[in-house]
Each structure stands twice: as structure tokens, then as C-alpha cells.
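Morning, everyone. Please bring the structure up on your screens, and let's walk through it together.

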Amino acid sequence: MTITMYGADWCGDCRRAKAYFADNDVSYDYVDLEQTPEATEIVLAHNNGLKRIPVIVFDDGSHLTEPSNEALANKLASLNGSAEPFDFEIIESRDEARFELLRDGELVGFARYEQRGTTIVVPHVETLVEHRGQGYAAKLMDGLLDILRSEDRTIAPLCPFAAGHIRDNAEHHDLLA
């Protein structure tokens, strides 16, 4: 398997991805954009003109930008023909007035909400401290938005993370109240 990572040594996400690869004995080619500035064009091409790193390109032609360790684990597992390493479930706990992200049955994050007709108002999204930095809040948002779509509900995101997630993912714009 050929993996190429485009990044810079000053980038925290790049250092984390390098550490993940080292911890999991994954070999990869590293292109330092400070040393090879012409490779920035590859980053821009993969990110619709945005300079976001790291960009990790796999031999199947796919890529990940600023991936969490979980996203890297899932991608590597899929390339190796393995199942996703964790079993995730997103549930709505109406008694708690929140959507919950469960990983192998354990709560890892939640989004509180207030119900207003067919719209939920989301003032807060949180990943539990021990699970932060793994992309779980984004996974939670995607799952709760899928639930809302299936039930013809909408969302009014007051939480800055929730609002930013929807803003950055055009496929969810139709769910805004």
C-alpha cells in the first residue's frame, strides 16, 4: 500500500498523523510543503482550493484531509478489507433531550437540543474529554442530521461547532430551519 502525506512540521494535525502512523507501523511517504512548496498545488487540488493539511493520499486514489486518528484507522481498515474497528450508534434520548453517539455501546459524545415543533434547537455539542480529537463530534452531527432528514425535521444550530459543521457540509444545508 502506498500512502503519501503532504504536510508541514509546524502543523499539529500533521504531527498527530505521523505519530499515529508510527504507533501503528504504517509506512508512508512524507512531503514537507516547506521543503517542496510546489507540492502545495496537490493539496489545493484535493481541497477545492483550500490550503488545509495534512492531506493523506492513498494508492486507491482517495484522500483524507486533517483526518482524526479514528478516520485514519477506518480508512486503513477499509483498504485492508477489514471492518470498521468500532461499532458506532447514534440514538435520540428524548428523556434526556439529546442525541448520543455510542462507540461499542459506550457514550462518547452528545448534542443537547430543545424541540420546537419539527425543529430542534441545538445549543451544545460535546465529546467526552477522554474521546476528544477523534472526529466524534462530526460523526455525531452527521448521524443526527441523517435522523432529522429521515423524520422530516430541521435544525437551528446555536452551538458554534454544530453551525460550523453544517456550514462546511453543503449536503446538510437543506436541514436548516
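Which strands does helix H1 lie across? Helix H1, residues 12-23, lies across E1, E2 and E3. Its direction is about 155° to that of E1. Keep in mind that this is a predicted model.

Helix H3 comes next. H3 covers residues 69-79 and packs on the sheet too. H3 touches E1, E3 and E4. Its direction makes about 5° with that of E3.

Now the sheet itself. It is open, with four strands. Read across, the order is E2-E1-E3-E4, and the pairing is mixed. Which strands sit at the edges? Those are E2, at 29-32, and E4, at 63-65. Each of the two pairs on one side only. From one strand to the next, the twist averages 15°.

Look at one pair in there. E1, residues 3-7, and E3, residues 55-58, run antiparallel. Four bridges join them. Find Ile3 in your view: Phe58 in E3 stands opposite. As background, strands of a sheet pair through backbone hydrogen bonds, either parallel or antiparallel.

Back to the two helices. How do H1 and H3 meet? Their axes come within 10 Å and cross at roughly 45°. The crossing is right-handed. On the H1 side, the contact uses Arg16, Ala17, Tyr20 and Phe21. On the H3 side, it uses Asn69, Leu72, Ala73 and Leu76.

The largest nonpolar core has 23 residues. Which residues have the most contacts inside it? They are Tyr6, Phe21, Ile56 and Leu72. E1, H1, E3 and H3 each give two or more residues to this core.

Zoom in on Tyr6. Setting aside neighbours within four places in sequence, Tyr6 is in contact with residues including Val31, Leu33, Ala39 and Ile42. Val43, Ile53, Pro54, Val55 and Val57 are also among its contacts.

There is a second, separate core, with 22 residues. Val122, Leu140, Met141 and Ile147 are among them.

Last stop: helix H5, residues 160-168. Which of its residues are buried? Ala162, Gly164, His165 and Ile166 are. And what covers them? The cover includes strand E8 at 119-127, helix H4 at 136-150 and strand E9 at 154-157.

That's the tour. Over to you.

Definitions and conventions. Residues numbered from 1 in each chain as written. Predicted model: local features only at pLDDT ≥ 70, side-chain atom pairs only at ≥ 80, totals over all residues. Heavy atoms only, no water. Pairing = 2+ DSSP bridges. Axes fitted to C-alpha atoms, helices over the stretch in contact; angles between N-to-C directions. Contact = heavy atoms within 4.5 Å. Core = buried A, V, L, I, M, F, W, Y, C linked by side-chain atoms within 4.5 Å. Buried < 20%, exposed > 50% of the residue type's maximum accessible area, 1.4 Å probe, protein only. Left-handed = near helix turned anticlockwise from the far one by under 90°.
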